[in-house]
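Please keep the sequence and the model in view.

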Amino acid sequence: MKRLIKYMLGYFDFLFCSAQSNELVVVNYHGITQKSFRNFKKQVEFFKHNYNVIGPNQMKFYFEGNILSNKPSLLITFDDGIANQYEAACYLQEQHIQAYFFIVPKFVLTSAEDQPSFFRRNIRPISYNSFVNDSRDSLSLTQDELLHMKTMGHSFGVHSATHTMTANSSNAHFEIVESKNQLAKILEIDEKELDSFCSIVDTSKTVGENDFKLIAENYKYHFSTFPGSNLSRNKHLIHRCNVESNFYKGELYFSLGCINKKWWKARVVNFSKKVR
Ligand SMILES: [Zn+2]
């Protein structure tokens with residue numbers, strides 16, 4: 001029912017609301033199941049047709065105050081480092097698109113046998129069934145896959161150490177700072193190269209005042225779970241629109257549209273006041 005309402009509102013929104021030419025829209029996916037892969041490709045076609053699709057390097061250029069195109073720009077990101085994102089990474093490479101992948105180091109380091117229970121417990125305790133159709137949907141990307149994705153030109157960021165972060169908890173240093181070193185080792189890079197953190201689940205619940213400071217001290221970019229405009233070019237609170245590969249077109253429009261942003265606005269304002 002909720003999906004149907006979003007579907008209908010989305011079409012309405014699409015007629016009356018469109019992103020400005022100097023806007024950067026950031027979308028975030030989770031798993032890309034095999035069943036929804038064809039739909040994912042259609043969504044990428046839609047992005048290519050309607051936006052200037054950019055990669056992480058051009059995003060950094062945008063946050064330095066540059067306008068990239070006379071079309072709104074769009075960056076694709078993926079959360080959680082799920083194995084089924086590997087096929088999406090290969091497809092995007094064929095399309096000459098580079099994306100951001102936000103990885104949970106403890107998930108990668110968990111044995112393959114234990115990854116499905118880690119996934120269910122830490123990453124997807126809610127709506128598990130709509131994200132898991134086959135075995136790769138609850139496994140982590142392997143180190144080899146991540147290293148191969150690096151050669152494709154994709155970028156990586158830290159998505160906490162264990163995906164259990166809550167606001168102002170005592171293990172903030174482990175989740176925000178030590179996780180950077182863990183991921184750098186997996187990717188075989190210097191940790192200085194990891195300048196992006198992506199908060200988990202709902203930024204308003206998982207990032208407190210202290211966490212926000214710790215993220216800003218240790219990372220240049222903080223990707224949030226808040227939809228909204230990036231016109232203010234605030235690199236410590238990057239807004240992202242949640243899109244899933246099984247979304248119908250109306251749901252996709254809803255996610256990218258104005259109603260969704262307005263819906264979240266009060267929560268974003270409250271959060272910004274809290275962490276200021
Ligand atoms: Zn996540």
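**The core and its central strands**

Within the largest nonpolar core, which has 61 residues, V25, V27, L74, L75 and F101 touch the most other members. A nonpolar core is here a set of buried Ala, Val, Leu, Ile, Met, Phe, Trp, Tyr and Cys residues joined through C-beta atoms within 7 Å. Strand 1 (residues 24–29) supplies the largest share of this core, five residues. The model is a predicted one, in which local features need pLDDT of at least 70, side-chain atom pairs count only at pLDDT 80 or more, and totals for chains, interfaces and linings use all residues. Residues are numbered from 1 along each chain as its sequence is written. Helices (H or I, at least four residues) and strands (E, at least two) are DSSP runs, numbered from the N terminus.

Strand 4 (residues 100–103) is covered on both faces: Y100 and F102 on one side, and F101 and I103 on the other, are all buried. A residue is buried if 20 or more other C-beta atoms lie within 10 Å of its own, exposed if 12 or fewer, and partly exposed in between, with C-beta atoms placed from the backbone. In a regular strand the side chains alternate between the two faces of the sheet. Strand 3 runs parallel to strand 4 and is joined to it by three bridges; D79 has F102 as its bridge partner in strand 4. The chain passes from strand 3 through helix 4 to strand 4 in a right-handed β-α-β crossover, that is, with the strands pointing away from the viewer, the path from the first strand over the helix to the second runs clockwise. Strand 4 is also parallel to strand 5 (residues 155–158), with four bridges between them, and Y100 has S155 as its bridge partner in strand 5. Two strands pair if DSSP finds at least two bridges between them.

Leaving aside neighbours within four places in sequence, F101 is in contact (C-beta atoms, placed from the backbone, within 7 Å) with F78, G81, Q85, M149, H154 and F156.

**Loops around the strands**

D80 belongs to the loop between strand 3 (73–79) and helix 4 (85–94). Its phi is near 85 degrees, a positive value in a residue other than glycine. D80 counts as buried because 25 other C-beta atoms lie within 10 Å.

G55 sits in the loop between strand 2 (52–54) and helix 3 (56–63). With 18 other C-beta atoms within 10 Å, G55 is partly exposed. Its C-alpha atom is separated by 7.8 Å from that of Y100, 45 residues apart along the chain.

Definitions and conventions: Contact = placed C-beta atoms within 7 Å.
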